[in-house]
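Thanks for coming. Please have a look at the model first.

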Amino acid sequence: MDYKKILKNKELRINILHCLRFVPDALMIKIQYRIKMDRKLNLRNPKRYSEKIQWYKLNYRTPLMTQCADKYSVRDYIRSKGLNSILTEMYAVYDRVHEINIESLPEKFVMKTTNGSGTNIFCKDKTKLSLEDTNKLLTEWIKRDNFSSGREWSYKHIVPRIIVEEYLEDRTNQFDGINDYKFLCFNGKAEYIVLDVDRQVDHKRNIYDKNWMYIDVSTDHDNFGDCVPKPDGLDEMLRVANILAVDFPCVRVDLYWVNDKVYFGEMTFYPWTGYVNFSPDEFDFTLGSHFQLIRH
């Protein structure tokens, strides 16, 4: 069912899911999986990656996941692993939108809310930034109940805040902006890399194994062929991803390689909320074979 054609407004969809917060997690996840994946969810003996992500939401819950899903407190986790050097510069952290002091910020920056995914504002020139629109957007994001949308437990107890970080630029990149390297890690080891490019103009996505062998698989964004050379920093990014993933059965570690240096992006425990169709479908089982389920 293409529910996005029926309910085109994203905020309306989120508000409906918030109103349905009383529905038990397992039941809501089964309903969402049926609607979004067009098949029944197997929670008793899951084999697919997309199924095991749903099981993970329900059966593996630790305070460390909350810390690492929080865009602010994850910085302490990074420091605890001796990786201070991969953190971008932090300019400010605010509890409320009205506390934001634009005058104190540099010309370029990135604003994020700590309690969500994709809630980022990339500002290249603050003199052209609409404060009214920015405040409206941030107010909406900081109030959003990101747990009820996909029952992603790691977001449930995050304290919503706004952080302002360094704006990264890669002037040598063949694509727009900076490339986003997402390491799919299982049992503390990176096994696959999702490469996102041109995110702000024409979002494209490739998948590679850890040796940078191209895998002809598409997701919700088409792949763009085996045309990207192995990044110089791949070995260093793999080293960092493995250090950060060591405490979890499954996590996606997002990194950037900019100006010969690794930068941290975020950690995600439920990539695509687990609602992603791979083409070919077999890759769902391939990823699932790496995911060992452990209750916590």
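The lining of the second largest pocket is made up of seven nonpolar, five polar and four charged residues. This is a predicted model, so please hear what follows with that in mind. The space in that second largest pocket comes to about 350 Å³. It has 16 lining residues, and the ones closest to the pocket centre are Asp 170, Asn 173, Asn 179, Tyr 181 and Trp 257.

How many cavities of 30 Å³ or more does a search of the whole structure find? One. The largest cavity holds about 70 Å³ of space. Its lining consists of Lys 71, Val 74, Arg 75, Leu 87, Thr 88, Lys 112, Glu 165, Phe 264 and Gly 265. Two or more of these residues come from each of α6 (74-80) and β10 (262-268). Sorted by class, the cavity lining has four charged residues, three nonpolar and two polar.

Last, the surface. A nonpolar patch there is formed by Leu 7, Leu 12, Ile 16, Leu 20 and Phe 22. Together these residues have about 430 Å² of accessible area. One of them, Ile 16, sits in helix α2, which covers residues 10-19. Is Ile 16 buried, partly exposed or exposed? Its relative accessibility is 33%, so Ile 16 counts as partly exposed. Buried would need a value under 20%, and exposed a value over 50%. Patch membership asks for over 30%, and Ile 16 is at 33%.

Definitions and conventions. Residues are numbered from 1 along each chain as its sequence is written. This is a predicted model: local features need pLDDT of at least 70, side-chain atom pairs count only at pLDDT 80 or more; totals for chains, interfaces and linings use all residues. Side-chain values use heavy atoms; hydrogens and water are left out. On a 1 Å grid over the protein atoms alone, a cavity is a set of points where a 1.4 Å probe fits but cannot get out, and a pocket is an open set with protein on both sides within 12 Å along at least five of seven lines; lining residues have an atom within 4 Å of a point. Grid points are joined across faces, edges and corners, and a volume is the space filled by probe spheres set on the points. Ala, Val, Leu, Ile, Met, Phe, Trp, Tyr, Cys and Pro count as nonpolar, Asp, Glu, Lys and Arg as charged, and the others, Gly among them, as polar. Patches are made of residues with over 30% relative accessible area and no salt bridge: like charges are joined within 9 Å, nonpolar side chains (Val, Leu, Ile, Met, Phe, Trp, Tyr) within 5 Å. Accessible areas come from the Shrake-Rupley method with a 1.4 Å probe; for residues, only the protein chains shown count as cover. A salt bridge is a side-chain nitrogen of Lys or Arg within 4 Å of a carboxyl oxygen of Asp or Glu. Helices (H or I, at least four residues) and strands (E, at least two) are DSSP runs, numbered from the N terminus. Buried means under 20% relative accessible area, exposed over 50%, partly exposed in between (1.4 Å probe, protein chains only).
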